[in-house]
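Please open the model in a viewer and keep the selection panel at hand.

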Amino acid sequence: MKREIKKTQFIKGIGVTPAIIIGKAYLLDRGKIEAPARVIPEPQILQEVARFREAVEESKKQLRLAKEKLLHEDVAGPTYILDVHLLLLEDKNLIENTEKTIKQSWINAEWALKINLERVRKVFNNIDDEYLKSRKTDIDYIGERILRNLMGKDKETISQIKEEVIIVAHDLSPADTAQMAKDKVTAFVTDMGGKTSHTAIMARSLEIPAVVGSETATHHINTGDTLIVDGLTGVVVVNPSPEIIQEYKERQRARQKMERELFQYRDLPAETLDGYRVKVLANIELVEEIPSVLQHGAEGIGLYRTEYLYLNRKDLPSEEDHFQAYKKVVEATHPHSAVIRTLDIGGDKFMSHMDLAEEMNPAMGLRAVRFSLKEVDIFKVQLRAILRSSAYGKVKLMVPMISGATEIREVKKILTEVRLSLTAEGIPFDPQMEIGIMIEVPSAVTIADILAKEVDFFSVGTNDLIQYSLAIDRVNESVTHLYEPLHPAILRLVKEVVKAAHGAGIKVAMCGEMAGEPLYVPILLGLELDELSMNVLSIFRVKKILRAYTLRECKSLVNASLNLSTPEEIEELVYASLRIKFPEEFREKYNSRVAVQ
Ligand code: PEP
Ligand code: MG
């Protein structure tokens, strides 16, 4: 039910790109469309098949156009997602079988497509490989595109929008998002999606302010409504009063001013007032993010999530594909180091919330190192490429989801085999390449002292560590409020990890989202982490905060926090401290988990 009276409403979602945009809403019809079911008389069957082929061709044309547009606008990074969709439009299982169904069952193209989409979805559900399974969302996107073309429903395209608007939609495909690049769309809001959904990744790459996962935005917003979209906090204000607009305009100005001021931190060392030096590094997913890493003055790459390499193709990436990507990253990062993480497929990767409902326990399934140790041949291809890239700069190899010493020993054994074969082939690599593990499973914390003897460094993956230790599904909207990085249990766990690492004389980094959140900086310093790796957009802000503290102050904050009982109490304590140092920035509270992405 739409509202009649324009009263102010606040909607909370997940902020994707940190900026405040004020504008008019444009409600885009991107809800699920119903496929009509009709029986087709035999003489018209071939015509129906032709109609289907035309719709597929039209879909390809639209995607190619969207891709060209991106290339033209010089934002080539996320085109790989469109490539995946184009490849799926060639998929025999879907396209040829739909044609067969039309011919054999004498039914209309929409109905035949629906039947075959369902079949493909089922096949995907039954696949053991979490990565392939996660392609289901892509199948849905292209299925809907063909359906819209069949039904003449794709008339309402984003590129036809004439004035500046904020798009509001139930869900947007990455292709829809791609069309927005430098267009009339100033921001978007969707009901669906999470921080790691393709659409969010695309929005971040294109720097389009957005709020995803709002659940009900399309129920409350009408075309023409005035909206404030805060991509930092994830708040959407519908029909704000003049006072609220004024307030947000001030915030907008303040944030823009702050962004300009923050730039000075680019070349300043990440050092506390009493000279405690930490390294501030960048997390990346795509090679195309490198220029931004350099612009933000990161001291290397603390996490390169390689799973995105597996996206832009139908088959598995070859050793050469891996190598070319790693070499680019390693050379560009030189003289700093690049931490390349081995495949961490599965879990929430590439899955929308909808998909998860159909999974049994994806987060605890065959993901990350478990997958690599089962599919050793696939793993070796990646290890060879990582080792080869180590001849071109400083590479560190990192293994995700280690839960015990056996796993890392097995990895090292395979790595030795790979090293031997490279040596036998006369292929150069760095024999000193460091090997590290992510600490993101509670068991790894408990035996951190044992694991520290096996590796050269640790990196705490708080996204998963919090998920597993607090039993909070990291992508489930209904438990988001319980996802508490400042939970006393988490602080104790991190403290244990640091103690074990330093006891064994190895360095410990943090590369989960927690590391890039300004609010947590004093605590992370007090916990004596050596390196913080984060989204590049957080770097200046984190440096600004850590340069305003002494290590002593941070340590006493940690000690005081560890005597408190709840995350709320700890948060209040840290806020109070930050408010004293930065009265302007920490005047108000915001949802810390989504604040800086
Ligand atoms: C983490 O779990 O904190 C992490 C950095 O890895 P990912 O988010 O890729 O699982
Ligand atoms: Mg993880």
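How far is an oxygen atom of ligand 1 from an N or O atom in the side chain of glutamate 440? Select both: the distance is 2.9 Å, a polar contact (a pair of N or O atoms within 3.5 Å). This is a predicted model, in which local features need pLDDT of at least 70 and side-chain atom pairs pLDDT 80 or more, while totals for chains, interfaces and linings use all residues. Residues are numbered from 1 along each chain as its sequence is written, chains are lettered from A and ligands numbered from 1 in the order written, and side-chain values use heavy atoms, without hydrogens and water.

Next, select arginine 305, where a side-chain N or O atom lies 2.7 Å from an oxygen atom of ligand 1. At glycine 461, a backbone N or O atom is 3.4 Å from a ligand 1 oxygen. Taken alone, ligand 1 exposes 290 Å², and the protein buries 100% of that (Shrake-Rupley method, 1.4 Å probe).

Now display the 15 residues around ligand 1, each with a heavy atom within 4 Å of the ligand. Eight are charged, four polar and three nonpolar. Helix α19 (462-470) gives the most to this shell, with three residues.

Finally, select phenylalanine 458, one of the residues that touch the most other members of the largest nonpolar core, a set of 110 residues. Such a core joins buried Ala, Val, Leu, Ile, Met, Phe, Trp, Tyr and Cys residues through side-chain atoms within 4.5 Å, buried being under 20% relative accessible area (1.4 Å probe, protein chains only). Helix α20 (residues 488-503) gives the most to this core, with eight residues.

Conventions:
Buried < 20%, exposed > 50% of the residue type's maximum accessible area, 1.4 Å probe, protein only. Helix = DSSP H or I, 4+ residues; strand = E, 2+ residues; numbered from the N terminus. Polar contact = N/O pair within 3.5 Å; in protein donor to acceptor, adjacent residues only side chain to side chain. Nonpolar A, V, L, I, M, F, W, Y, C, P; charged D, E, K, R; others polar.
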